[in-house]
Number of protein chains: 2
Amino acid sequence: MSWRHGSAGRGHGRAYHHGNLREALIEAALALIAENGPLGFTFAEAARQAGVSPAAPYRHFRDRDQLLADIAQQGFGHFEAALAQAWNQGAPDPMTAFCNIGKAYLEFARTQPGYYAAMFEAGITLEATPELRDVSDRAFGILRAAAERVTANLPAQQRPPALMVALHVWSLSHGIASLFGGRNAVRRGLPMSPEDLLEAGVLVYLQGLGISRQSSETKF
Amino acid sequence: MSWRHGSAGRGHGRAYHHGNLREALIEAALALIAENGPLGFTFAEAARQAGVSPAAPYRHFRDRDQLLADIAQQGFGHFEAALAQAWNQGAPDPMTAFCNIGKAYLEFARTQPGYYAAMFEAGITLEATPELRDVSDRAFGILRAAAERVTANLPAQQRPPALMVALHVWSLSHGIASLFGGRNAVRRGLPMSPEDLLEAGVLVYLQGLGISRQSSETKF
DNA sequence: CGAATGATGTAAATGCTACTCACATGAACG
DNA sequence: CGTTCATGTGAGTAGCATTTACATCATTCG
């Protein structure tokens with residue numbers, strides 16, 4: 001008789017007792033986190049936006065942290081898909097595709113601030129659940145496979161461990177995203193966009209490994 | 001009459017009304033943050049550890065966020081000092097000193113988890129107060145000056161902007177520290193220590209810029 | 001010396017939050 | 001039609017941030 005549909009609902013798919021509370025809560029939490037960071041998200045506020053009582057969410061999540069962990073897990077799934085699409089199996093060429101992964105990293109941080117914050121800026125430990133660990137490992141695995149491919153043509157003597165290369169690029173991407181991308185966005189007089197900063201860094205790094213682009217188009 | 005001294009006090013320096021509550025609160029907050037992260041720190045708990053009522057802290061800090069901001073500001077001061085000492089005006093040689101800055105970055109994250117978390121993992125915006133902005137700029141300025149020095153000997157045509165180099169190294173250091181260093185410490189089967197990972201990355205990067213160490217000691 | 005003053009701390013209250021438990025409601029299924 | 005299970009509600013507990021009125025004490029000034 002009185003289960004009003006919150007506010008931002010899409011207007012379909014409700015069954016009885018609000019229908020899909022679980023998804024509605026996740027959506028509300030994503031919006032709240034995207035706006036105010038992980039701390040600005042409140043279990044009670046999410047329930048309010050979904051139009052249910054403050055106790056209702058506990059039928060779907062053990063506690064607040066588990067909702068965050070579930071969002072992070074789902075986010076890593078999307079993250080993995082975005083990285084895989086950017087890599088595109090190394091097309092058009094491994095070097096370009098490698099840089100595209102970095103760009104996808106930053107784009108994800110910028111366009112999915114809710115997911116990104118839940119994944120990296122909330123307090124969750126990544127080792128919390130095996131599923132979370134697995135899906136984050138899969139996302140990183142794409143970067144690692146790409147590093148393997150990019151370094152494959154180097155002579156064995158000077159070929160670095162692909163894992164190390166992947167860790168370097170991941171760390172650089174994550175550092176740039178944390179410091180200058182997404183929310184908070186320190187923007188301390190950045191002379192270039194985060195994307196360009198990252199691409200330049202990766203190119204210099206690859207050059208240091210002895211991998212140079214055939215036609216060096218971008219030069220600082 | 002009854003101003004018991006909390007628990008962890010050093011047993012000196014108290015005047016009347018507890019004496020230096022401000023410092024005691026900062027110390028308590030640092031310990032709490034170092035243990036449980038920025039979220040595990042409670043204004044009330046800090047007051048409890050200092051042996052005062054929950055309202056007392058408001059005589060010294062406008063609110064909880066300002067205490068965090070003050071800690072972050074103080075932390076950036078120590079951070080600047082640590083980086084400056086590591087750089088040591090470019091001694092023994094600029095390249096080694098440059099790597100030392102990176103190591104100091106990670107060492108700070110590891111040995112000062114309370115400060116580090118307040119600086120980078122709490123929700124504060126760095127632009128909150130001009131003082132905070134200034135002191136963080138000073139810390140970064142050390143890295144930038146070092147980058148200037150390291151790239152100074154390159155021929156003008158291939159010399160990159162020092163600012164960009166500093167941003168790259170800062171981002172890499174910060175990414176490694178966030179992902180693998182300090183608290184949380186994802187440790188996803190790291191094949192090497194964060195310090196070694198960072199040093200290797202910086203060396204590859206510098207090599208990509210055309211700067212190589214005279215005697216290449218470390219090779220992956 | 002003694003009283004006003006300002007700095008520092010307290011008690012109590014408000015409102016929000018996480019979380020729990022006993023109960024209600026309605027859907028599905030026998 | 002009645003039982004059962006899933007889902008939501010109401011009320012309660014406990015903790016925290018924050019405010020306000022009040023207390024206490026050091027200092028300063030007449």
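At what angle do helix α6 (residues 130–151) of chain A and α7(A) pack? The angle is about 120 degrees, and the axes of the two helices are 8 Å apart. Axes here are lines fitted to C-alpha atoms, for helices over the stretch in contact, and angles run from 0 to 180 degrees between N-to-C directions. Helices (H or I, at least four residues) and strands (E, at least two) are DSSP runs, numbered from the N terminus.

This is a predicted model, in which local features need pLDDT of at least 70 and side-chain atom pairs count only at pLDDT 80 or more, while totals for chains, interfaces and linings use all residues. Residues are numbered from 1 along each chain as its sequence is written, chains are lettered from A and ligands numbered from 1 in the order in which they are written, and side-chain values use heavy atoms, with hydrogens and water left out.

The angle of about 120 degrees between α6(A) and α7(A) makes α6(A) oblique to α7(A). Angles under 35 degrees count as roughly parallel, over 145 as roughly antiparallel, 65 to 115 as roughly perpendicular and the rest as oblique. The crossing of α6(A) past α7(A) is right-handed; a crossing is left-handed if the near helix is turned anticlockwise from the far one by less than a right angle, and right-handed if clockwise. On the α6(A) side, the contact (heavy atoms within 4.5 Å) is formed by A:F140, A:L143, A:R144, A:A147, A:E148 and A:T151. They meet A:A162, A:L163, A:V165, A:A166, A:L167, A:V169 and A:W170 of α7(A). Sorted by class, this contact has ten nonpolar, one polar and two charged residues. In this sorting Ala, Val, Leu, Ile, Met, Phe, Trp, Tyr, Cys and Pro count as nonpolar, Asp, Glu, Lys and Arg as charged, and the others, Gly among them, as polar.

Helix α7 (residues 162–180) of chain A also packs with helix α8 (residues 194–209) of chain A, at an angle of about 160 degrees and with axes 10 Å apart. The two helices are therefore roughly antiparallel, and their crossing is right-handed. Among the contact residues of α7(A) are A:M164, A:H168, A:L172 and A:F180, while those of α8(A) include A:L197, A:G201 and A:Y205. The contact of α7(A) with α8(A) holds twelve nonpolar, three polar and no charged residues.

A further partner of α7(A) belongs to chain B. The axes of α7(A) and helix α8 (residues 194–209) of chain B come within 10 Å and cross at roughly 85 degrees, which means that α7(A) is roughly perpendicular to α8(B). Here A:M164, A:L167 and A:H168 of α7(A) meet B:L197, B:A200 and B:G201 of α8(B). Four of the residues in this contact are nonpolar, two are polar and none is charged.

Next comes DNA strand C. It is surrounded by 20 residues, of which the closest are A:F43, B:H17, B:S53, B:R59 and B:H60; a residue is near the strand if one of its heavy atoms lies within 4 Å of it. Sugar and phosphate make up 65% of the atoms of DNA strand C that come within 4 Å of the protein.

Phosphate oxygens of DNA strand C lie 2.8 Å from a polar backbone atom of A:A44, 2.8 Å from an N or O atom in the side chain of A:R48 and 2.5 Å from a polar backbone atom of B:S53.

Some local features remain. A:E80 is found in helix α3 (residues 64–87) of chain A and touches A:V135, A:R138, A:A139 and A:I142, not counting residues up to four places away in sequence. A cis peptide bond joins A:A91 and A:P92, with omega about -5 degrees, and A:P92 lies in the loop between α3 and α4 (94–111) of chain A. In chain B, a cis peptide bond joins B:A91 and B:P92, with omega about 0 degrees.

Conventions: Polar contact = N/O pair within 3.5 Å; in protein donor to acceptor, adjacent residues only side chain to side chain.
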